[in-house]
Amino acid sequence: MPKISRLEFLPAPHRPEAREDEVHIWRVDLDIVGSERALREILGRYLDLPAAELRFATNRHGKPRLASPAGELAFHLSHSGSLALGGVPRREVGIDAERIPTK
């Protein structure tokens, strides 16, 4: 199982369900699992589908989205270095991960 965990300040539900007014943020360690595999695993949990069965398309601006019938679930993925953040809402959002160098 890939190392995909919720950020500590968000409780991990037994079965993830994104309500209309929620955005779930996932943290992924890219040293352990690739971003595409992690994204498929996360979205598969919400849709109760195997990750390999998910199909993607792009919108008119080239942004990836889930193809129908799962297209109502939005997602956003941002990564910096070995950290990736994935947002799963029912509407469009943007998240950004940025590595800040330590002195």
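**View A. Phe 56 is partly exposed, at 31% relative accessible area.** Phe 75 counts as buried, at 8% relative accessibility. Buried means under 20% relative accessible area, exposed means over 50%, and partly exposed lies in between; the probe is 1.4 Å and only protein chains are considered. This is a predicted model: local features need pLDDT of at least 70, side-chain atom pairs count only at pLDDT 80 or more, and totals for chains, interfaces and linings use all residues. Residues are numbered from 1 along each chain as its sequence is written, and side-chain values use heavy atoms, with hydrogens and water left out.

**View B. A search of the whole structure gives 2 aromatic pairs.** Rings of Phe, Tyr and Trp (its six-membered ring) pair if their centres lie within 6.5 Å; planes under 30 degrees apart are stacked, over 60 edge-to-face, and the rest tilted. Trp 26 and Tyr 46 make an edge-to-face pair, with 6.2 Å from centre to centre and 75 degrees between the planes. Trp 26 sits in strand β2 and Tyr 46 in helix α1, so this pair ties together parts 20 residues apart in sequence. Helices (H or I, at least four residues) and strands (E, at least two) are DSSP runs, numbered from the N terminus. Both Trp 26 and Tyr 46 are buried. Phe 56 and Phe 75 also pair edge-to-face, at 5.8 Å between centres and 90 degrees between planes. This pair links distant parts of the chain, 19 residues apart: Phe 56 is in strand β3, while Phe 75 is in the loop between β4 (64-66) and β5 (76-80).

**View C. Helix α1 has 13 residues and spans 18 Å from its first C-alpha to its last.** That is close to the 18 Å expected at 1.5 Å a residue. The expected span is 1.5 Å times one less than the number of residues. Several α1 residues are buried, among them Ala 38, Leu 39 and Gly 44. Just after the helix comes Asp 48, with a positive phi of about 55 degrees. Asp 48 is not glycine, yet its phi is positive. It lies in the loop between α1 (35-47) and β3 (56-58). Asp 48 is exposed, at 59% relative accessible area.

**View D. The salt bridges number 2.** A salt bridge is a side-chain nitrogen of Lys or Arg within 4 Å of a carboxyl oxygen of Asp or Glu. Glu 36 bridges to Arg 40, with the closest N and O atoms 3.4 Å apart. The two residues are 4 apart in helix α1, so about one helical turn separates them. Glu 36 is exposed at 54%, whereas Arg 40 is buried at 18%. Glu 41 bridges to Arg 45, with closest N and O atoms 3.3 Å apart. Glu 41 and Arg 45 are also 4 residues apart in α1, about one helical turn. Arg 45 is partly exposed, at 25%.

**View E. The largest nonpolar core holds 15 residues.** Val 28, Ile 42, Leu 43, Tyr 46, Leu 66, Leu 73 and Val 88 touch the most other members. β2 (23-29), α1 and β6 each supply at least two core residues. The largest share, 6 residues, comes from α1. A nonpolar core is a set of buried Ala, Val, Leu, Ile, Met, Phe, Trp, Tyr and Cys residues joined through side-chain atoms within 4.5 Å. In soluble globular proteins, nonpolar side chains tend to be buried together.

**View F. Strand β6 is largely enclosed by the rest of the structure, because 6 of its 7 residues are buried.** β2 and β6 run antiparallel, joined by 7 bridges. Two strands pair if DSSP finds at least two bridges between them. Val 28 has Ala 84 in β6 as its bridge partner. β5 pairs with β6 in the antiparallel sense over 5 bridges. Ser 78 stands opposite Leu 85 in β6. β5 and β6 form a hairpin with 2 residues between them. Gly 81, in the turn, has a positive phi of about 60 degrees.

**View G. Val 93 is found in the segment after β6 (83-89).** Val 93 is partly exposed, at 23% relative accessible area. Leaving aside its neighbours within four places in sequence, Val 93 is in contact with Val 23, Lys 63 and His 76. Contact means heavy atoms within 4.5 Å. The C-alpha atoms of Val 93 and Phe 75 are 7.7 Å apart, although the residues are 18 apart along the chain.
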